[in-house]
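Hi,

Here is the structure I promised to pass on to you. Have a look at it first, and then read my notes below.

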Amino acid sequence: MQAFKTYFKIAGKHMFSIIAYVAISLFIMTMQSSIGTDYAETRLRIAVRDLDGSAASSRLVEYIDENHKIKEVDFEDGDMLFDNLYYRQVQYIITVNEGFSEGLAAGKTEGLFTVSKIDDSFAAQLFESQLQSIVTSAEALTAAGTDPESAVQRAVEAALEGIEVESVAEQTPDSQKSYVYFTLFGYTSVAILVVAIGIVLAVMLDSKVVHRTFASSYSPTRYIVSVFAASGVLAAATWLLLMGVTAVKTDGVLFTASTTPKALVNSILYLIISTEIAVLVAFVSKSVMTAHIAGNVIGMGMAFLCGVFVPMDLLGDKVLAFSRFLPAFWYEYANDMIFSMGDVPYSSVKFAQCLAMEGLFIVLLFSAILLVSRSKQSNKEV
Amino acid sequence: MFLHSFKYSFKSLIRNKTLLFWSLLFTILLGTCFKIAFSGITESTENLTVIKVAVLYEAENPPFEELMTTLSSGEDKLLEIKEATGEQALEMLGDGELAAIIDVGSEGKISLRTSSSSAVSSSNIQISIVQNIIEQYNAKAAILEQIGREDPLALPAAVQAVAEDVSGLFTEEKLSDGNMDVYIQYFFNLIAMSIIMSISFGTTVALGIQGNLSPLAARRCISPTRKSVSALGGLCAAIVSGFLISCVNILFVRFVLDVDLGKRLPMYFVTAFAGTVMAVCIGYVIGSAGNLSENSKDAIATMFSTLGGFLSGLMILDMRMIIAEKAPIIHMINPLSIMFDSFYSLSMYDDWSRYIRSIVSMLIISALCFAAGSIMTRRQKYASL
């Protein structure tokens, strides 16, 4: 009990650092969830400049605005223009050249537009095929005697006639809100716990402190168990905080969604894994700084490989085959199934398999901690 | 005395094997993770791939069938049409084997069924393209129908216009010859992050000259060596150590991970040097400020680098541009953003002005931090050590 109490005394002494780090993690979580994940957004971001200024070209620009999002950019600032394209703030830059209307009327379509784009991108091909379709239709109409303005108008009207698209997947948009938070939990839990537990254990596992403790009547086993128990309490508090933030930020969806119980069970198992990772990192690193670096390597590495920052269905098969050896993979895989967000539909067998795999990682990590602590004791470092 | 201080500080820093090991391992492991995760991701997020669909005909539609045959044949085919009955197609759609089912109904009505439940699913891209194909087909058919109705004599000319190639419609203007792969940003950020880790060296130097914070510093304080000389020697050693680690990291990213960093690789080392100076000076300020313990100061340093990394786009690519637009001051003073900007300008621009601006910014921050750290540590006297 004495070691347990000491753990929290030390945590209290470093409360500022821990709270500050938790606040940064929450900030990261909130910012990321607010950005959303629009990798596959189908309304493209287009920068348009109309040098023709005719009624036909204006109608074409209106069409682009109706079908996509026009982003205002300074066409004179080449650097800014390129930055926007590189960062995909705009996916296509187009100038409707002077003489567009006359060219259309005369049936000369060559060089009607000057463009800058990401080569071979789906966005460029999609947008170009839409424009080609409009120009072709307008060409057909001008060939039939219609004036360019009306031709573009009618071509645009025809292009805007959408088709019926039916989604056969069941999905409740509300659950999506908490999905983002549960996904990010795969990173934030590791990031927070490695630093929070690392700060305390840097003191508690200091060789001088440990030697003095072990020289007393306090048994090494009791000491390690107390450290573990206290780390568990700290982890539980972190979990409650993160779930509280999720509940608040999702307007209470967490309390009502049918997906919540499964997601909570999944997150609790992952929390245990994160705690064990944090304890293991604290055992092998000697300072907060090294614990932080190690935590970043493990947390971010797993996050990138297992679908936290980049959706799992965008990662290649080889990457996913490798990721199966990481606990975050099973956590995220289960999450995707629970919220029907991936390519794999929910199956209770597969969900149980994911939980079992997480359980296996819990056992493996615990064994690793025991091994490291034993080896440190035998080396008289701990 | 400066050389003496430099020599022993350098020895002490490079003998901190744990920190050295993790500083190197950070880039090596995370860089390898990035390389594995992002190899081929551009193809799945941005580039076109063959789209698997099933076409279910309720009524015959020869022109549409011809279009489907054209799009699903040849080397550059856009579609792969799977033969299936209605039930089979639905099952395949549910299993993710198909991107969409195209239903060709009576009276030429064509609709689409998808299973994309995710806003982030790559199949959404494919669905947009299939949708666009059908909409274009419908639009052209509608236009020809209108012309046929209004002026049947003009129909042949209109059909010819529709059949004509309009591929010369677009003239491309290249804005840069640089590597347009957006995922290279992660590597820029990774290198910047590995450089900023030298913050810990700066913190160590500052802690080593404050007698109330460590026994070593207490011994240094009672020695005749001037504190400024001791600090300067320590800082120079920290810069050299950090710079060497950064160089190894850059070489690893370029030659082992085979990441295309552009044609001006030597200038990356200039950035690494300026960045290391900046990081060490920032660490010096953090280490000098207040009477917080070593662990607390380390924690502040880690928070600083984590937040800086996040704001510069280490975790999510869009973040950098969002901060540049919404909070330009934070973007301008974030050390990681500045370093990133220098790598980015080296890789993308022929012009040097942006690169020079980044280097000057780093040097200004370094000078300010060094001055602040020196003011905080100079002439400190202790009643008891």
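Helices (H or I, at least four residues) and strands (E, at least two) are DSSP runs, numbered from the N terminus.

Which residues of α8(B) meet α12(B)? They are A192(B), I195(B) and I196(B), and on the α12(B) side the partners are A272(B), G275(B), T276(B) and A279(B). Contact means that the C-beta atoms, placed from the backbone, lie within 7 Å.

**A hairpin, and a pair across chains**

Strands β3 (residues 100-104) and β4 (residues 110-114) of chain B pair in the antiparallel sense over 5 bridges (pairing takes at least two bridges found by DSSP). I102(B) has L112(B) in β4(B) as its bridge partner. The two strands form a hairpin with 5 residues between them, and E107(B) in the turn has a positive phi of about 55°.

Strand β4 (residues 113-117) of chain A pairs with strand β5 (residues 170-172) of chain B, in the parallel sense over 3 bridges. There, T114(A) is partnered by T171(B).

**Where the chains touch**

In total, 88 residues of chain B are in contact with 96 residues of chain A. Helix α6 (residues 123-150) of chain B gives the largest share of chain B's side, 16 residues. That side has 48 nonpolar, 31 polar and 9 charged residues.

The complex gets an ipTM of 0.73 and a pTM of 0.78. Chain B averages a pLDDT (the predictor's confidence in each residue, from 0 to 100) of 85, and 94% of its residues score at least 70.

Residues are numbered from 1 along each chain as its sequence is written, while chains are lettered from A and ligands numbered from 1 in the order in which they are written. As this is a predicted model, local features need pLDDT of at least 70 and side-chain atom pairs count only at pLDDT 80 or more, while totals for chains, interfaces and linings use all residues.

Cheers

Definitions and conventions
Contact = placed C-beta atoms within 7 Å. Nonpolar A, V, L, I, M, F, W, Y, C, P; charged D, E, K, R; others polar.
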